[in-house]
Amino acid sequence: MPRLTVCLYTDHPSESLDIKAVAASLEEYGVRTENCGNLFEYLGVNHEALYEAAARLASARVPDIESPLDEIHPPVPHEADFEMKLITGEEKGRGALYDGLWVQRVLRKLISDSLPEESGSDFLHIIFTGRLVGTFEARRYHARVVLLGSPAIISTSGLVEAPARPREYYFIKGGLIRSGRDTRELDEMYRGKFIEYDDPKTTSAISSYALQALFYELSGDAFCENPECCLFNSHWQEDVLRVQYEGKPCARCLEILR
Ligand SMILES: [Zn+2]
């Protein structure tokens, strides 16, 4: 069986993400990696195809987190123009939530049209993005750190926003907001208890999610049930810091990866 090649792309993820370190951590498991740099530059698609992708990404934004985006509509031109600026890095947009499955479709088509020879099962494509992506489950959208599949999408914004912070943090924050007070001091008090934007812990934690994408490709299993394994599906920041940050796979997962 030919060796799997994992192609790593960026779409303006957190500046503290070190892709070379993520690649090195994956190579420990015997795969080849290719650090392709910015996805849209690497694919070298023409302006028309890029604008079409921008328009489809703009349409994949979630206007209401309580309604699933069952179909995407053509966006109004200024939204596509703004999305083009996000693609080129001219604008930074951390606020919007995208329907992750639509984003995955758009990017899959772009990759398979541009790199047909790399669309087979010997290649896994992973895109590290700064976009916040979510999936609709249990009556509303939930932000995600990783969307498995090919391309797998790993969001550095999702790493900050998706796993929940301690319960009492939200409780105190709610009280501060209601009484019109500043919440910055609270963030200071809880510093180290969750991952922040451009946190130095980003690379190590994201490496575990990249391994998750590889694990899914090899085994078809999404997550590990063992709460001490770095492939565990962490719902809390506390768990991310305990198992994804500087984490290792459990013996069973290691067996599959090797
Ligand atoms: Zn495991």
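The legends below describe close-up views of a predicted model.

**View 1. Strand β4 and its two partner strands.** Strand β4, residues 123-129, is mostly covered, with six of its seven residues buried. Strand β1, which spans residues 5-11, pairs with β4 in the parallel sense over seven bridges. Along this pairing Cys7 stands opposite His125 of β4, and Asp11 has Thr129 of β4 as its bridge partner. Strand β8, made up of residues 152-155, also pairs with β4 in the parallel sense, here over four bridges, and Ile127 stands opposite Ile153 of β8. In a regular strand, side chains alternate between the two faces of the sheet.

**View 2. The hairpin of β5 and β6.** Strand β5 (residues 132-137) and strand β6 (residues 140-144) run antiparallel and are joined by five bridges. Within this pair, Phe136 stands opposite Tyr141 of β6. The two strands form a hairpin with two residues between them, and in its turn Ala138 has a positive phi of about 50°.

**View 3. The crossing of helices α1 and α9.** The axes of helix α1, residues 19-27, and helix α9, residues 202-219, come within 9 Å and cross at roughly 45°. Because of that angle, α1 counts as oblique to α9, and the crossing in which α1 passes α9 is right-handed. On the side of α1, the residues that meet α9 are Ala21, Val22, Ser25 and Leu26, and their counterparts in α9 are Thr203, Ile206, Ser207, Ala210, Leu211 and Leu214. By class, the residues of this contact between α1 and α9 divide into seven nonpolar and three polar, with no charged residue among them.

**View 4. The packing of helices α3 and α5.** Helix α3, residues 47-59, packs with helix α5, residues 100-114, at an angle of about 165°, and their axes are 9 Å apart. Since an angle over 145 degrees counts as roughly antiparallel, α3 is roughly antiparallel to α5, and the crossing of the two helices is right-handed. The contact is made by Ala53, Arg56 and Leu57 of α3 together with Val103, Val106 and Leu110 of α5. Five of the residues in this contact of α3 with α5 are nonpolar and one is charged, whereas none is polar.

Conventions
Residues numbered from 1 in each chain as written. Predicted model: local features only at pLDDT ≥ 70, side-chain atom pairs only at ≥ 80, totals over all residues. Buried ≥ 20, exposed ≤ 12 C-beta atoms within 10 Å, placed from the backbone. Pairing = 2+ DSSP bridges. Axes fitted to C-alpha atoms, helices over the stretch in contact; angles between N-to-C directions. Parallel < 35°, antiparallel > 145°, perpendicular 65-115°, else oblique. Left-handed = near helix turned anticlockwise from the far one by under 90°. Contact = placed C-beta atoms within 7 Å. Nonpolar A, V, L, I, M, F, W, Y, C, P; charged D, E, K, R; others polar.
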